[in-house]
Structure formats: C-alpha cells, structure tokens
Amino acid sequence: MPTLPTFTRSYTLDGYSYEVTPDVRRTQFYTGNSRQRYYYQNRNDIFNVRHVFSDSELATFESFVTDDLEGGSLQYTGPYFTSNAEYTGTLEMIDGAYTCELIPPNSWAVTYSFELKNRTLTEEANIYAVVNDLGTISNTELIVDLLAELVNQDWP
Amino acid sequence: MPDLTTVTDFPPWSIDYTFDQENAVTRSQGRGLKKQARYSKKQVTTASATRKLTGIELPYFEYFIRNECIDGSIKFTDRYKDGSGVQIGTIRIVNGAYTVVTNGINHTVTCQIEVFR
C-alpha cells in the first residue's frame with residue numbers, strides 16, 4: 001500500500017475537521033416516536049484537511065496522487081490526528097479530488113477530504129478509563145499532564 | 001442508561017443552540033374549514049447543539065459516544081439548555097452523527113440532538 005510522502009509540515013490546524021457518521025438507521029413514526037438502530041460496527045470517519053506546500057512539494061503530492069494512487073482511487077497509509085496526537089491509518093481520498101490555491105509568491109494551499117478506514121479508539125479508551133477513575137475532568141493542569149504523558153508513552 | 005454527567009465539570013452543550021419543537025398534531029382543510037387535532041402526547045424536540053471541548057475532553061466524549069452509547073444510537077443522560085437554564089435530562093444524537101472542528105487543543109463538536117422532555 002502506498003504511503004503519503006513526508007512533507008515539511010503536516011496538515012494545517014486552520015480548517016482541520018472531521019465528520020463522524022456511523023451506520024445508524026433512524027425510523028420516525030407518525031406518532032412522534034423515533035427509533036435508532038446501530039447496523040455496522042466498523043466506522044469510517046471523513047477528515048477535511050489542508051496542506052501548505054512549496055512548488056516542489058506540490059509536484060511531489062500531485063505525482064503521488066496521479067501515479068501511486070492511480071488518480072486518487074487507491075487507499076494509502078497516511079497521518080491523521082484527533083486532539084493533538086498524530087496517528088497513522090489507512091486513508092482513501094474522497095473521489096481522488098483536491099483543490100490547489102496559490103499563496104503568493106510561491107506557496108500552495110491544497111485542500112481535500114479523505115476517509116479513514118475502520119477508525120479505532122484505543123487511546124480514547126485509555127483516557128476514558130483514567131478520567132472515570134479520577135471522577136473529574138475539571139483540573140486543567142491534570143488534563144495537560146495526562147495528555148503529555150499519554151503522547152510520550154503510547155501514541156505513535 | 002449511559003450518563004455523561006457522572007464526570008464532574010464536563011462542559012455542557014453551549015448556548016449556540018436552536019431547537020425545533022414538533023407536536024403530534026394533524027391539520028386538515030376542507031371547504032374553507034380548517035381543523036387541528038392532536039393524535040399523540042409525544043413531543044419531539046430537536047436541537048442544533050455545539051459543545052466546546054479542550055484537550056482530552058474530546059477523546060473522552062468520542063469514546064463515551066462510541067462505546068457507551070453504541071455509536072450514538074441510544075439515549076443518554078446529559079446536560080442541555082432550555083428556557084429554564086441548564087437542565088439534566090435524556091438526549092440522543094440524531095443518527096449518531098457529529099462534526100468536530102479542531103486546532104489540536106480546542107475542539108468544537110456540532111450535531112443535532114433530540115431532547116426527550
């Protein structure tokens with residue numbers, strides 16, 4: 001599986017977002033009642049990202065999408081982050097489409113969306129257990145310390 | 001029922017909040033006459049809600065929704081706001097779907113929630 005080339009900078013934090021759309025089916029009854037049912041365990045979240053590239057990095061990126069990903073149709077290994085820890089996962093560009101905008105004089109803002117396949121929440125589970133043991137999430141210093149500790153220990 | 005209020009000081013849904021109140025009422029019209037009738041006492045309140053989270057509050061929230069609420073498909077106890085201020089009650093995320101905008105530290109979670117009042 002191709003791997004996204006390493007660039008000088010990762011995704012910009014400006015404009016980074018993701019959408020969680022699990023396979024949950026909803027039925028609305030005429031009486032006003034509604035019911036939701038969970039259909040499929042695996043979940044593919046959609047991330048919206050932005051890179052800022054130099055001329056040569058843009059050429060590298062476009063070559064990667066065109067040649068290695070066969071026009072963006074193939075899955076690849078690449079980075080994503082939730083909170084401020086970066087993970088690696090199996091990604092797939094949505095429709096192989098991306099947008100390039102010139103930032104004068106010679107930088108490019110490239111935006112696209114990718115689907116993260118079968119997102120797991122392993123580190124989230126660890127955080128959940130720790131916070132439940134503490135019983136509170138109100139200590140800001142503790143939050144930062146916990147985050148730093150987990151980043152330094154287990155996160156890739 | 002899963003309960004997000006057990007952890008103290010978890011931020012509630014913010015005041016960027018509008019809700020639609022739908023009542024189970026039918027309306028019929030014929031020959032200039034209009035008639036309304038209620039066919040159920042059920043009231044459906046759907047709100048567009050935003051939650052501002054910081055740091056590990058986001059992974060905590062995401063795991064709670066994914067694991068405790070079965071990908072957001074079931075109801076859970078949470079804080080919400082209405083005309084009486086901050087309330088604790090039963091809510092459910094519509095279709096389990098939400099959007100996160102983040103800069104790594106500050107996160108904004110947006111979704112549609114049903115409030116069972």
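Trainee: Let's start with chain B. How many helices and strands does its secondary structure come to?

Mentor: Helices (H or I, at least four residues) and strands (E, at least two) are DSSP runs, numbered from the N terminus. In chain B they come to one helix and five strands, in the order β-β-α-β-β-β from the N terminus on. Before we go further: this is a predicted model, where local features need pLDDT of at least 70 and side-chain atom pairs count only at pLDDT 80 or more, while totals for chains, interfaces and linings use all residues. Residues are numbered from 1 along each chain as its sequence is written, chains are lettered from A in the order in which they are written, and side-chain values use heavy atoms, with hydrogens and water left out.

Trainee: Which elements does chain A have?

Mentor: Chain A has three helices and seven strands, running β-β-β-β-α-β-β-β-α-α from the N terminus.

Trainee: What share of each chain is buried?

Mentor: Buried means under 20% relative accessible area, with a 1.4 Å probe and protein chains only. By that rule, 49% of the 117 residues in chain B are buried, and 38% of the 156 residues of chain A.

Trainee: How many residues does each chain bring to the contact?

Mentor: Contact means heavy atoms within 4.5 Å. Chain A brings 42 residues and chain B 41. By class, the chain A side has 19 nonpolar, 16 polar and seven charged residues; here Ala, Val, Leu, Ile, Met, Phe, Trp, Tyr, Cys and Pro count as nonpolar, Asp, Glu, Lys and Arg as charged, and the others, Gly among them, as polar.

Trainee: And what area is buried between chain A and chain B?

Mentor: Buried area is the accessible area (1.4 Å probe) that two parts lose on being put together, summed over both. Here the value is about 3600 Å², and carbon and sulfur atoms give 59% of that. Gln36(A), Tyr128(A) and Ile137(A) supply 19% of the area that chain A buries against chain B, more than any other three residues.

Trainee: How many salt bridges cross the interface?

Mentor: A salt bridge is a side-chain nitrogen of Lys or Arg within 4 Å of a carboxyl oxygen of Asp or Glu. The rule finds three across this interface. One of them joins Arg26(A) to Glu114(B), with the closest N and O atoms 2.8 Å apart.

Trainee: Which strands pair between the chains?

Mentor: Two strands pair if DSSP finds at least two bridges between them. β1(A) and β4 of chain B (residues 85-102) pair in the antiparallel sense over four bridges. For a spot to look at, Glu19(A) stands opposite Thr99(B) in β4(B).

Definitions and conventions:
Buried < 20%, exposed > 50% of the residue type's maximum accessible area, 1.4 Å probe, protein only.
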